[in-house]
Amino acid sequence: MYNKRKKKITAFLFTLPAVALFLFYFLIPIPMTFFYSFFRWEGFSLRPDKFVGFGNWYNLFSNEVTWRALLNNLKFIIYTLLIQIPIGIGLGLLISSKIKGTNFMRIAFFIPLLIPSTTIAIIWKIIYDPYLGFLNNFLKILGLEKLAKIWLGDPEVVVEAIYAATSWQWIPFYMIIFAAALTEIPKELYEAAMIDGATSFKRFIYITLPFLKRTIITAAILGITGSLKYFDLVYILTEGGPGNTSELLATYMYKLAFRHQRMGYASAYAFFLFGISLVISILMYRVYRRGDTV
């Protein structure tokens with residue numbers, strides 16, 4: 001009895017630092033953020049300046065930038081589901097194949113994931129430079145100079161230009177996830193299918209995809225929640241411009257908090273973003289559980 005109690009106390013002491021950090025950085029800040037969203041607060045004083053009720057929330061929902069930023073976040077979600085994850089599956093299949101050069105491809109494709117976001121932003125700023133950048137000059141070499149644009153200054157293409165950079169950074173992440181999942185598929189199934197005369201396409205549809213279902217749902221959850229939290233690369237590339245056309249909820253929240261010192265208003269945005277992420281995560285978790293039981 002004494003040994004069991006001693007083990008429980010020891011386990012509790014080992015987990016106490018992690019629990020304390022979780023409480024300090026996650027559970028406590030969430031209700032505090034919601035509390036501050038009802039006050040006018042510049043962030044310099046220990047206490048909020050003035051109670052404004054739902055004033056910050058009214059400004060949030062009546063602000064045109066809010067809905068533009070939310071739309072951009074939704075675009076990032078859609079692009080992630082339609083571009084990053086399918087390409088990640090394709091690259092996962094490629095590096096898991098037996099063709100020559102797969103070892104080199106594993107390293108080459110994985111490199112962008114190791115580069116810091118600030119460095120990636122600088123690289124893509126150089127690529128998108130309207131005069132000296134690689135992209136416009138490459139289009140001119142091909143005789144397609146009419147397609148050259150001020151990529152980060154054109155409201156019509158800036159979101160897609162930013163997303164190309166984020167895709168280059170995060171597609172390797174999905175590649176690794178799917179490559180790992182592919183190793184769990186029994187090779188005997190492919191061998192039996194080949195004996196039965198199944199083509200590569202049929203093997204992919206009837207064997208690979210069903211086994212990747214749970215991984216695809218997991219990748220979708222990570223992609224959706226990650227798309228709602230995009231900040232650093234977007235902020236470095238455009239700071240939400242031109243004219244808030246590439247604004248995201250996180251970048252606009254940062255501006256309100258640290259540029260305009262409107263911490264109360266920014267707290268409303270932070271809790272709004274948290275609420276959206278929580279709802280989507282719960283829905284996706286239910287989809288995951290339902291897929292797990294099918």
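In which handedness of crossing does helix 6 pass helix 8? The model examined here is a predicted one, and in it helix 6 passes helix 8 in a right-handed crossing.

## Helix 6 against helix 8

Two packed helices are described by the angle between their axes and the distance between the axes. For helix 6, which covers residues 117-128, and helix 8, the axes come within 10 Å and cross at roughly 135°. That angle makes helix 6 oblique to helix 8, since an angle has to be over 145 degrees to count as roughly antiparallel.

Helix 6 contributes S117, I120, W124 and Y128 to the contact, while helix 8 contributes A161, A164, A165, W168 and Q169. Sorted by class, the contact of helix 6 with helix 8 holds 7 nonpolar and 2 polar residues, with no charged residues.

## Helix 8 against helix 10

Helix 8 spans residues 158-182 and helix 10 spans residues 200-228, and the axes of these two helices come within 10 Å and cross at roughly 150°. Helix 8 and helix 10 are therefore roughly antiparallel to each other, and helix 8 passes helix 10 in a right-handed crossing.

On the side of helix 8 the contact is made by F173, Y174, I177, F178, A181 and L182, and on the side of helix 10 by T208, L212, T215, I216, A219, L222 and G223. The residues of this contact of helix 8 with helix 10 comprise 10 nonpolar and 3 polar ones, and no charged residue takes part.

W170 belongs to helix 8 and is partly exposed, its relative accessible area being 31%. If its neighbours within four places in sequence are left aside, W170 is in contact with Q84, L113 and Y230. The C-alpha atoms of W170 and A18, which are 152 residues apart along the chain, are separated by 28 Å.

R203 sits in helix 10 and, at a relative accessible area of 16%, is buried, because the cut-off for that label is under 20%. K6, found in helix 1 (residues 2-27), is partly exposed with a relative accessible area of 47%, and the C-alpha atoms of K6 and P210, 204 residues apart along the chain, are separated by 47 Å.

## Aromatic pairs

The count of aromatic pairs comes to 28. In the pair of Y254 and F258, the ring centres are 5.1 Å apart and the planes stand at 45°, so the pair is tilted. Y254 and F258 are 4 residues apart in helix 12 (residues 249-259), and are therefore separated by about one helical turn. Their accessibility labels are given separately: Y254 is partly exposed, with a relative accessible area of 31%, whereas F258 is exposed, with a relative accessible area of 51%, because exposed means over 50%.

One aromatic cluster is formed by F34, F38, F54, W57, F61, W67, F271, F272 and F274.

## Backbone features of the loops

The loop between helix 11 (232-237) and helix 12 contains P242, and the peptide bond that leads from G241 to P242 is cis, with omega near -5°. E239 has its place in the loop between helix 11 and helix 12 as well; the phi of E239 is near 55°, a positive value in a residue other than glycine, and at 35% relative accessibility E239 counts as partly exposed.

Q261 is not a glycine, although its phi is positive at about 55°, and with a relative accessible area of 28% Q261 is partly exposed.

Definitions and conventions
Residues numbered from 1 in each chain as written. Predicted model: local features only at pLDDT ≥ 70, side-chain atom pairs only at ≥ 80, totals over all residues. Heavy atoms only, no water. Axes fitted to C-alpha atoms, helices over the stretch in contact; angles between N-to-C directions. Parallel < 35°, antiparallel > 145°, perpendicular 65-115°, else oblique. Left-handed = near helix turned anticlockwise from the far one by under 90°. Contact = heavy atoms within 4.5 Å. Nonpolar A, V, L, I, M, F, W, Y, C, P; charged D, E, K, R; others polar. Phe/Tyr/Trp six-rings, centres within 6.5 Å; stacked < 30°, edge-to-face > 60°. Buried < 20%, exposed > 50% of the residue type's maximum accessible area, 1.4 Å probe, protein only.
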